[in-house]
Every structure is written in C-alpha cells, then in structure tokens.
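Here is a short briefing on one protein model. Look over the sequence and the structure first, then read the points below.

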Amino acid sequence: EKPREFNDTPDYLWKYFINRVRDKLHFVLCFSPVGDKFRLRARKFPGLIAYCTINWFFPWPQEALLDVATKFLDPYAMEADQKTKN
C-alpha cells in the first residue's frame, strides 16, 4: 500500500483544519425553557435546534443531590459545624 502524500499548500492545510474542527468541535448551549424567550430564540435561530440533541434536565431529588455531593466531597477534609452540614 502506498503511503499518503502530505500536501502542505495553504489551501490543503486550511481544508484539513476545517475538517478537523468539524469532526472535533462540540459545544453546549443552555437555555431555560421557562417563558417565551426559548420559543423566540428557536424561531429566530433555527440552526440552534436543527441537528442538535436536546436534553431536558428536571430537578433532582434531594437524596440524589446529597449522594453525588458526598461521593465527590468525602475525600476532602472540611471543617463545618453540624448546623452547616445539615
């Protein structure tokens, strides 16, 4: 099999860069669905909605919040009185 030849012309490098950005760039936009602003933004900028994955996150139960916080914060020694801990 013949090795691929690397072409270092400005046009080739630009196309390579753009293709890498398309493959690797990801970003997150957070909008509150409460009120009319989300609906208006979706109507004004349909590209924000098209080809996107929308995750709806609902409020977490208190027990789940405490479990996650405990898991990540337990290794650290923190001083607090009992009133603050509760």
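**An exposed tryptophan and its ring partner**

W14 is exposed, at 53% relative accessible area. Exposed means over 50%, buried under 20%, and partly exposed in between, with a 1.4 Å probe and protein chains only. The model is predicted: local features need pLDDT of at least 70, side-chain atom pairs need pLDDT 80 or more, and totals for chains, interfaces and linings use all residues. Residues are numbered from 1 along each chain as its sequence is written, and side-chain values use heavy atoms, without hydrogens or water.

**Rings**
- One aromatic pair turns up in a search of the whole structure.
- The ring centres of W14 and F17 lie 5.6 Å apart and the planes meet at 40°, so the pair is tilted.
- Rings of Phe, Tyr and Trp (its six-membered ring) pair if their centres lie within 6.5 Å; planes under 30 degrees apart are stacked, over 60 edge-to-face, and the rest tilted.
- Both W14 and F17 belong to helix α1 (residues 10-24), three residues apart, or about one turn of the helix.
- F17 is partly exposed, with 45% relative accessibility.
- K71 lies over the face of F72, 5.2 Å from the ring centre.
- A charge sits over a ring if NZ of Lys or CZ of Arg is within 6 Å of the ring centre and within 35 degrees of the ring normal.

**Fold and overall shape**
- The protein has four helices and zero strands.
- Helices (H or I, at least four residues) and strands (E, at least two) are DSSP runs, numbered from the N terminus.
- Along the sequence the pattern is α-α-α-α.
- The radius of gyration is 24 Å, well over the 12 Å that the globule rule gives for 86 residues, so the protein is more spread out than a compact globule.
- That radius is taken over C-alpha atoms, and the rule is 2.2 Å times the number of residues to the power 0.38.
- The C-alpha atoms fill a box of roughly 70 × 40 × 25 Å along the principal axes.

**Burial and charge**
- Of the 86 residues, 0% count as buried.
- There are 14 positive and 11 negative side chains, and the centres of the two sets are 10 Å apart.
- Lys and Arg count as positive, Asp and Glu as negative; His and the chain ends are left out.
- Each charge is placed at NZ of Lys, CZ of Arg, CG of Asp or CD of Glu.

**Two exposed sites**
- T53 sits in the loop between α2 (37-44) and α3 (62-73), and T53 is exposed at 70%.
- From T53 to E5 is 48 residues in sequence and 37 Å in space, C-alpha to C-alpha.
- K85 lies in helix α4 (residues 82-85) and is exposed at 55%.
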